[in-house]
Amino acid sequence: MRNIKKFAILALLCVCSPILKAQNLSFGPTIGVNSSSLSGLSDTKSRTGLSTGLFLNYSSTSHWGFGMQVLYSQQGANYERSDDYLKLDYVQVPLLATYYFGSQKTTGSWRPKVFAGPQIGFLTSVANKSGYDYAGSYSSTDVSAVLGAGVNYALSQKMWLNLDARYALGLTDIAKSPTLDVSNRVFSVNVGLSFPLGTYK
C-alpha cells in the first residue's frame, strides 16, 4: 500500500511539473458513488461503493483541457443468492482529455463537458464479507477506458463546482485463474470543488 501511494504521488508530480506555471491550472477534492460489477463472474450483481480523492486540471482559454486524478475506489460485486460480496479496493489514476462547451467564466455560469481517457488501477485489497483475503487470486493492476460527461458551475470567477457521471470499462482480465476472464465495470457519479493554481484567466 505504501509503494502504491508513493507511485501515485510521483505520477501526480510528474504531470504537474511541466505545467505548474501554466494558466488555468486548478486542483481540488472530489467524492462520488460507484455502482460496480464484475464481468465474467457468474451469479453476481452490482455493488455500491465510495470513490474519493484529488484532481488536477488544466484548461485552455478555449475549449480543451486535460486532467489527472488520484482516487480511492471501492469496487467489486454482490452475490445474487446470498448476502455475501466480493470487495475490491483500488487506487485509480485516470488521465482524462476534456472538451468544454462554451467559454463563459462569470459567476453563476454553467460549462458542460465531455471527457475520455485511460485509467490504471492498483489493487489495495480484495476480500469477501467475512474478511477472507483473495489477494492471491486477482491481479495487482487493472487498466480501464473511461468515458463521461458533466458540467462545471462557476461559484466565483476562479472557483468551480464540478459534477460528472462516468463509465469505466475494464480492459484487462483481473482474475489469475485460467478458467475465468473477469473484468471491472464501474459507473460513478461524482462532485468536486476546484481551486486555481497560479495565474488563472
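Asp89 is buried (under 20% relative accessible area, with exposed meaning over 50% and partly exposed in between, for a 1.4 Å probe and protein chains only), at a relative accessible area of 4%. Its side chain meets that of Lys87 in a salt bridge, 2.8 Å from N to O. Lys87 counts as partly exposed, at 22%.

This is a predicted model, in which local features need pLDDT of at least 70 and side-chain atom pairs count only at pLDDT 80 or more, while totals for chains, interfaces and linings use all residues. Residues are numbered from 1 along each chain as its sequence is written, and side-chain values use heavy atoms, with hydrogens and water left out.

Side chains of opposite charge can pair when their charged atoms come close. A salt bridge here is a side-chain nitrogen of Lys or Arg within 4 Å of a carboxyl oxygen of Asp or Glu. The structure holds 4 of them, including these:

| Pair | N to O distance |
|---|---|
| Lys87 and Asp89 | 2.8 Å |
| Asp83 and Lys129 | 2.8 Å |
| Asp43 and Arg81 | 3.8 Å |

The salt bridge of Asp43 and Arg81 links distant parts of the chain, 38 residues apart. Asp43 lies in the loop between β1 (25-39) and β2 (44-45), and Arg81 in the loop between β4 (64-79) and β5 (85-100). Strands are DSSP runs (E, at least two residues), numbered from the N terminus. Asp43 is partly exposed at 37% relative accessibility, whereas Arg81 is exposed at 74%.

Asp83 forms a salt bridge with Lys129. This pair also joins distant parts of the chain, 46 residues apart: Asp83 is in the loop between β4 and β5, and Lys129 in the loop between β6 (110-128) and β7 (141-154). Asp83 is exposed at 55%, and Lys129 is partly exposed at 45%.

Definitions and conventions: Helix = DSSP H or I, 4+ residues; strand = E, 2+ residues; numbered from the N terminus.
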